[in-house]
Amino acid sequence: MTNYRYYTGSLFARELERLKEEYIQLDLDDVKRMVEEDILLLEKAVNMLSTNTVYKMKQLT
C-alpha cells in the first residue's frame, strides 16, 4: 500500500518552498496581477458551487 500522505506532504513542502522563493522576486505589479487572477478563479469557483447547489436542491424537491 502506498503512503499517499507522505508523498503529498513532501510534495506540498517542496512546492511551498518554491513559491516562497518566487514571491521574494516579485514586484508589486506582479503581485497585483496574481491577486486579480486569484479573485477571478475564486469567483468562478463560487459560481460553480452555487450553481451545483441549486441544481442538487432542485433534484431533491
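Q: How much accessible surface does the chain have, and what share belongs to carbon and sulfur atoms?
A: The accessible surface comes to about 6,200 Å². Carbon and sulfur atoms hold 63% of that. Keep in mind that this is a predicted model.

Q: What secondary structure does the chain have?
A: There are 2 helices and 0 strands. Helix α1 covers 4-24, and α2 covers 28-60.

Q: And what percentage of the residues count as buried?
A: The figure is 0%, for a chain of 61 residues.

Q: OK, the loop. Which helices does the loop with Leu-26 lie between?
A: Leu-26 sits between α1 and α2.

Q: What does Leu-26 touch, leaving out residues up to four places away in sequence?
A: Val-31 and Met-34.

Q: Where is Leu-28, then?
A: Leu-28 belongs to helix α2. Its relative accessible area is 59%, so Leu-28 is exposed.

Q: Which residues make up the nonpolar patch on the surface?
A: Leu-28 is in it, along with Val-31, Val-35 and Ile-39. Together they have about 330 Å² of accessible area.

Q: Switching to charges. How many salt bridges are there in the whole structure?
A: The search finds 5.

Q: Which residue does Arg-18 pair with at 2.8 Å?
A: Glu-22. The 2.8 Å is the gap between the closest N and O atoms.

Q: How far apart are Arg-18 and Glu-22 along helix α1?
A: They are 4 residues apart, so about one helical turn separates them.

Q: Are those two buried or partly exposed?
A: Arg-18 is partly exposed at 41% relative accessibility. Glu-22 is partly exposed too, with a relative accessible area of 33%.

Q: What network is Arg-18 part of?
A: A network of salt bridges that links Glu-15, Arg-18 and Glu-22.

Q: Now α2. What does Arg-33 pair with?
A: Arg-33 has a salt bridge with Asp-30, at 3.4 Å from N to O. Arg-33 also forms one with Glu-37, where the closest N and O atoms are 3.9 Å apart.

Q: How does the spacing along the helix look for these pairs?
A: Asp-30 and Arg-33 are 3 residues apart, about one helical turn. Arg-33 and Glu-37 are 4 residues apart, again about one helical turn.

Q: And how accessible are Asp-30, Arg-33 and Glu-37?
A: Asp-30 is partly exposed at 23%. Arg-33 is partly exposed at 45%. Glu-37 is partly exposed at 41%.

Note on methods:
Residues numbered from 1 in each chain as written. Predicted model: local features only at pLDDT ≥ 70, side-chain atom pairs only at ≥ 80, totals over all residues. Heavy atoms only, no water. Contact = heavy atoms within 4.5 Å. Patch = residues over 30% accessible without salt bridge, like charges linked within 9 Å, V, L, I, M, F, W, Y side chains within 5 Å. Areas by Shrake-Rupley, 256 points an atom, 1.4 Å probe, with all protein chains shown as cover. Salt bridge = Lys/Arg side-chain N within 4 Å of Asp/Glu carboxyl O. Buried < 20%, exposed > 50% of the residue type's maximum accessible area, 1.4 Å probe, protein only.
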